[in-house]
Amino acid sequence: MAYVYAALWIVIGFILILKYRKESPIFYAAGGFFFFLGLWWGADAVLAVDLFASPWVWILRGISFCVLLPLVIYYFKHYRDKEAKPTDGKDKP
């Protein structure tokens, strides 16, 4: 089952990078993070070391925190600024 999760994370990473990169540069980082998760999950399935046990899980949590916190901050700043822009009064159909 771990191989399925690894493949799932990698596919999601590729989709984010290849399909949604035109939307915003945030998807490069998000896709890279999902690709990293796929590699981590795949390495856990292949290696004899349990990467979801201590101390490895703390390394994964630290990396996740360092990647996801800036992504969340960027996302909320970007879309808050997008909503704050004045409109010209014309509604788009």
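**Figure 1. Lys22 in the loop between α1 and α2.** Lys22 is found in the loop that lies between α1 and α2. In this predicted model, Lys22 counts as exposed, with a relative accessibility of 75%. Along the sequence, Lys22 and Ser54 are 32 residues apart. In space, their C-alpha atoms are 38 Å apart.

**Figure 2. The cis peptide bond from Ser54 to Pro55.** The bond that leads from Ser54 to Pro55 is cis. Its omega angle is near 5°. Pro55 has its place in the loop between α2 and α3, and helix α3 covers residues 56–84.

**Figure 3. Trp9 and Trp41, an aromatic pair.** A search of the whole structure finds 10 aromatic pairs. Trp9 and Trp41 form a tilted pair, with 6.3 Å from centre to centre and 50° between the planes. Trp9 belongs to helix α1 (residues 2–19) and Trp41 to helix α2 (residues 26–46), so this pair ties together parts that are 32 residues apart in sequence. Trp41 has a relative accessible area of 23% and is partly exposed.

**Figure 4. Phe36 and Trp40, an aromatic pair within helix α2.** The rings of Phe36 and Trp40 form a tilted aromatic pair. Their centres are 5.8 Å apart, and the angle between the planes is 55°. Both residues lie in helix α2; they are four residues apart, a separation of about one helical turn.

**Figure 5. A cluster of aromatic rings.** Which residues do ring pairs link into a cluster? The cluster consists of Tyr5, Trp9, Phe33, Phe34, Trp41 and Phe52. Among the pairs in this view is the tilted one formed by Trp9 and Trp41.

**Figure 6. His78 in helix α3.** His78 is a residue of helix α3. With a relative accessible area of 30%, His78 is partly exposed. His78 and Ile26 are 52 residues apart along the chain, and 9.9 Å separates their C-alpha atoms.

**Figure 7. The whole chain, for orientation.** The protein has three helices and zero strands, and its pattern along the sequence reads α-α-α. Its radius of gyration is 18 Å, well over the 12 Å that the globule rule gives for 93 residues, so the protein is more spread out than a compact globule. The C-alpha trace spans about 60 × 25 × 15 Å along its principal axes. Of the 93 residues, 19% are buried. Taking contacts between residues at least 6 apart in sequence, 49% join residues at least 24 apart.

**Figure 8. Surface and charged side chains.** The protein exposes about 7,300 Å². How many positive and negative side chains does the protein have? There are 10 positive and 7 negative side chains. The centres of these two sets lie 6 Å apart.

Definitions and conventions:
Residues numbered from 1 in each chain as written. Predicted model: local features only at pLDDT ≥ 70, side-chain atom pairs only at ≥ 80, totals over all residues. Heavy atoms only, no water. Helix = DSSP H or I, 4+ residues; strand = E, 2+ residues; numbered from the N terminus. Rg over C-alpha atoms; globule rule 2.2 N^0.38 Å. Buried < 20%, exposed > 50% of the residue type's maximum accessible area, 1.4 Å probe, protein only. Contact = heavy atoms within 4.5 Å. Areas by Shrake-Rupley, 256 points an atom, 1.4 Å probe, with all protein chains shown as cover. Lys, Arg positive; Asp, Glu negative; His and termini not counted. Charge placed at Lys NZ, Arg CZ, Asp CG, Glu CD. Phe/Tyr/Trp six-rings, centres within 6.5 Å; stacked < 30°, edge-to-face > 60°.
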